[in-house]
Amino acid sequence: MRPQRHLLSSVFSFVLPLIIGVCSPLSASFAESGVTDQKIVLGQSAAFSGPAAQLGIQMNAGAKAYFDSVNEQGGVYGRRIEIITADDKYEADLAAANTKRLIEKDDVFALFGYVGTPTSNAALPIFTQAGVPFFAPVTGAQSLREPLNRQVFNIRAGYFDETEHLVEKLVNVGIKNIAVFYQNDAYGRAGLEGVQRALKKMNVELVEAATVERNSTDVKLAVSKILPKRPAAIIQISAYTSCAAYIKEMRKAGYTGQFYNVSFVGSLALSDALGKDGEGVVISQVVPFPWSSSIPVVAEYNKLMEKAGVKEANFSSLEGFIAAKVFVEGLKRAGKDLTRAKLVKALETINVKNYNGGGFDVTFTGSNHSGSKFVEMTMITKDKKFLN
């Protein structure tokens, strides 16, 4: 009888863990946060209301158009991609609170498409400690690039890339009398530093600099500080509402020089806010021209945006679209048994030799998560369109 009891006990010891494994909610296919057999859940904190709202709305619209297309085709390994949005109004404290909620309560797999430097910086220690991937923030700040953070992947060029491109263009055509109007926060200071670095490289002194508070259009002090210096060009490092207000006030005061902006300003929103005052305003861009149908990724973008019912192309939604496309490539490379660690490793294998970005090159490595240095110039026309 003892041998039989021993045999029965051995069988029971073998079968019981299998039964528990099948029935437990912690089975292999549900082991990673934000991932089930049916879906992958992402979180996005961005400005969806307030003075910078169009930046978040447009970024999300472009990403959603691509994710929806992927979902219609069965998702990634049968998993639909869902994105939970949280409005931070472009305020750091709200972004931090949203990030904690998205990770701890909503249990998202990754964070995607945050908008802004102060908001992304506020989220940085939270997602780093939690080990949550932070993909394609709309910021060119060095704080999200150096030192390398394995969780952070940047699609867009950095502010140092943009400002160097702007300064070189100006100085090379003989414009050396340059001032800076910047937002008084981490974003504005990052842009200012980029301009100063570029000017130093070209042996040119900055004429003047003046600030505006985030989410404010009170530009009177900035006008009074820069206007007397009569710079030939003013580089602006702020969001569209404050930049538009500053341009209009400077024009009213008789300023006839040129205005240059970095991409974060929100090109279409800036053009809309400026109206007739927009003609001749220059903006650097970190994605291709959204109306260049000869570029494959742009043609795909326009097709899917039209399908989604969004008829007006713009740079911000194209950035969201490209970010979503690269993110999905990372999911595919990570394999069916998806984990955060596998996604990070998979994204690090994407480069220009093995990934066709459709006209927008992206390269990640184990030591560099800044995927692109693409920068080009555009100008607002008399009829509120763009030239490149």
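How many helices and strands does the secondary structure of the protein chain come to? The count is 12 helices and 12 strands. The model is a predicted one.

**The chain as a whole**

The protein chain has 388 residues, and 54% of them count as buried. Its C-alpha trace spans about 105 × 40 × 35 Å along the principal axes.

Strands of a sheet pair through backbone hydrogen bonds, either parallel or antiparallel.

Strand β1 covers residues 39–46. Eight bridges join β1 to β2, and the two run parallel. Look at Gly 43 for an example: its bridge partner in β2 is Ile 84.

**The seven-stranded sheet**

A second open sheet has seven strands, in the order β7-β6-β8-β9-β10-β11-β12. Its pairing is mixed. The edge strands are β7 (208–212) and β12 (386–387), each pairing on one side only.

| β8 (residues 233–237) | parallel | five | Tyr 182 and Ile 237 |

Is β6 enclosed or open to the outside? Six of the six residues of β6 are buried, so the strand is largely enclosed by the rest of the structure. Both of its faces are covered. On one side, Ile 178, Val 180 and Tyr 182 are buried.

Two packed helices are described by the angle between their axes and the distance between the axes. Helix α2 (residues 53–72) packs with helix α11 (residues 315–334). The angle is about 40 degrees, and the axes are 7 Å apart. The two helices are therefore oblique to each other. Their crossing is right-handed.

Which residues meet? From α2 they include Leu 55, Gln 58, Met 59 and Tyr 66. From α11 they include Ser 316, Ser 317, Phe 321 and Phe 327. The residues of this contact divide into 11 nonpolar, five polar and two charged.

Gln 58 is found in helix α2. Its relative accessibility is 8%, so Gln 58 counts as buried. Leave aside its neighbours within four places in sequence. Gln 58 is then in contact with Leu 268, Asn 314, Ser 316 and Ser 317.

**A buried loop residue**

Val 115 lies in the loop between β3 and α4 (117–130). Is Val 115 buried or exposed? Its relative accessibility is 1%, so Val 115 counts as buried. Apart from neighbours within four places in sequence, its contacts include Ser 45, Ala 46, Leu 55 and Met 59. Tyr 90, Val 138 and Phe 264 are also among them. Thr 139 is 24 residues from Val 115 along the chain, yet their C-alpha atoms are separated by 6.7 Å.

**Backbone details in loops**

Where is there a cis peptide bond? One joins Glu 146 and Pro 147, with omega of about -5 degrees. Pro 147 lies in the loop between β4 (134–135) and β5.

Two other loop residues have a positive phi. Tyr 77 is not a glycine, but its phi is about 55 degrees. Tyr 77 is found in the loop between α2 and β2. With a relative accessible area of 44%, Tyr 77 is partly exposed. Asn 215 is also a residue other than glycine, and its phi is near 60 degrees. Its place is in the loop between β7 and α7 (220–226). With a relative accessible area of 25%, Asn 215 is partly exposed.

Notes
Residues numbered from 1 in each chain as written. Predicted model: local features only at pLDDT ≥ 70, side-chain atom pairs only at ≥ 80, totals over all residues. Heavy atoms only, no water. Axes fitted to C-alpha atoms, helices over the stretch in contact; angles between N-to-C directions. Helix = DSSP H or I, 4+ residues; strand = E, 2+ residues; numbered from the N terminus. Parallel < 35°, antiparallel > 145°, perpendicular 65-115°, else oblique. Left-handed = near helix turned anticlockwise from the far one by under 90°. Contact = heavy atoms within 4.5 Å. Nonpolar A, V, L, I, M, F, W, Y, C, P; charged D, E, K, R; others polar. Pairing = 2+ DSSP bridges. Buried < 20%, exposed > 50% of the residue type's maximum accessible area, 1.4 Å probe, protein only.
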